[in-house]
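Keep the structure in view as you read.

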Amino acid sequence: MDLSSISKILNDSTDGHKKEGIVLSPTSQFEDASCVCSSSSWDSMASGSALQSFLDHISIDPITNFLNTSVLELKHDDCIQDAIRSLYERNVFGAPIVNSVSSDRGNFIDRDIGFIEFSSMVLWSLEEFDKASAESKSDSHGFLSMLEQISEIGQTKVGELAKFFLWEPFFPASPGDSLLRVLLLFSKHRRLKVVPVVESSNSCVVSFITQNAVLQLLLQSSGLDWFDQIADMPISDFGFEKNRALVCIFGDQTVADALHILWENHSDAVPVIGRVTKTLIGFVRSSDIYLLLEDDELYENRKSFKVGDFIKSYTRRTIQDSNSSINEESSTLVSSAPLLLKNNLLPPMDTPTTNLSSDSLKQVMQDMLESKSECSFLVTESGQLQSVITLRDIMSKFSPPSMDATIDGGGFFQSALEQSGCHVEDGVMVRDKH
């Protein structure tokens, strides 16, 4: 069910007049969920609870691609060397971390204690290697060989990495859960990349929901007033450039410099600009890190290889690989591409998704969805870099406020409330007088 169904609730009327208040009953079917509230009950309704009803009946099932094979899991006492090799050989960008200690209950609260990405483990290993100043021992043998030779790094347990950096959190959904839950998870937890879908009967992960999938579902509301009032606003009105300091790298710096920035800033991508022109020439993503395992020469020369040359060289190579395999894998990529380590559907490194500050939020959403990108860079008419917009930035504009009733509706939900003839005042939803 797409979000346009909510328009029935928002625009419901009797004899041409708006009802005093409309809420959705959590226990009834969506089509029969509306009821007329008295003025007193409507005025006293907390904003968090009322706003929850708008999206609490939109199922995530249409964007849940159930996996045909079992999900790769890592145990907390697995060593880094084996974990990286497993993800690389299975072509998976990340995996749940499972507590190997047995439990009587055996549900996900006991089993799954986090989610870890391939790129995080590789970046940590590189940082530790550089600290150890061990290049003379193994730097000429490739990344995996380095892990084998330096046991202090390769034999580190996955569970021990919690001392050095935060795992991605494990906040699951269940089949049939609402869009509301997923929006809350993504918008409130900065490090959350995917939401695992867990089957309650056996506590097993059966699917993952990505941020791109949620974006696709949100765009199905295009055309509704209470969506378009926000989505049609120009990017300049949102102040995304004030959200964070943008860290970029010059094209004449090294691949190692780019990798260090990815690690230090816990970012998914670092933009690359020309030193003289300051124009955007490409970007390096955490999803490109697998190339260090593909090419020993790249790993060996990462401290001297210019990142601009890296982008040019490996863009040509990945495009050739994409053209040779996209047809035969197209049916698989539709459902599993967001979880693939080597993802041929991502934009080339020299062609990042870009937008102008005059573009609408909806245009940015459409561009990111079409390119399967996790971010869009804001540039000037001459191509100079201004800021970056992430999927999480976008979802935060459409997610409900904290369930704390003292927080007002704002943004997307403020428009929805106006359409239904009410507003939030001092943390309480009240009916507009006519």
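Strand β6 (residues 94-98) pairs with β7 in the antiparallel sense, over five bridges. Two strands pair if DSSP finds at least two bridges between them. Strands (E, at least two residues) and helices (H or I, at least four residues) are DSSP runs, numbered from the N terminus. Alanine 95 stands opposite isoleucine 116 in β7.

This is a predicted model: local features need pLDDT of at least 70, side-chain atom pairs count only at pLDDT 80 or more, and totals for chains, interfaces and linings use all residues. Residues are numbered from 1 along each chain as its sequence is written, and side-chain values use heavy atoms, without hydrogens and water.

The sheet is open, with three strands in the order β5-β6-β7 and mixed pairing. β5 and β7 stand at the edges, each with a single partner strand, so one side of each has no neighbour in the sheet.

| Strand | Residues |
|---|---|
| β5 | 74-75 |
| β6 | 94-98 |
| β7 | 112-117 |

Helix α6 packs on this sheet and touches β5, β6 and β7. Contact means heavy atoms within 4.5 Å. The direction of α6 makes about 70 degrees with that of β7. Axes are lines fitted to C-alpha atoms, for helices over the stretch in contact, and angles run from 0 to 180 degrees between N-to-C directions.

α6 (residues 118-132) also meets α4 (residues 80-90): their axes come within 10 Å and cross at roughly 140 degrees. That makes α4 oblique to α6 (under 35 degrees is roughly parallel, over 145 roughly antiparallel, 65 to 115 roughly perpendicular, the rest oblique).
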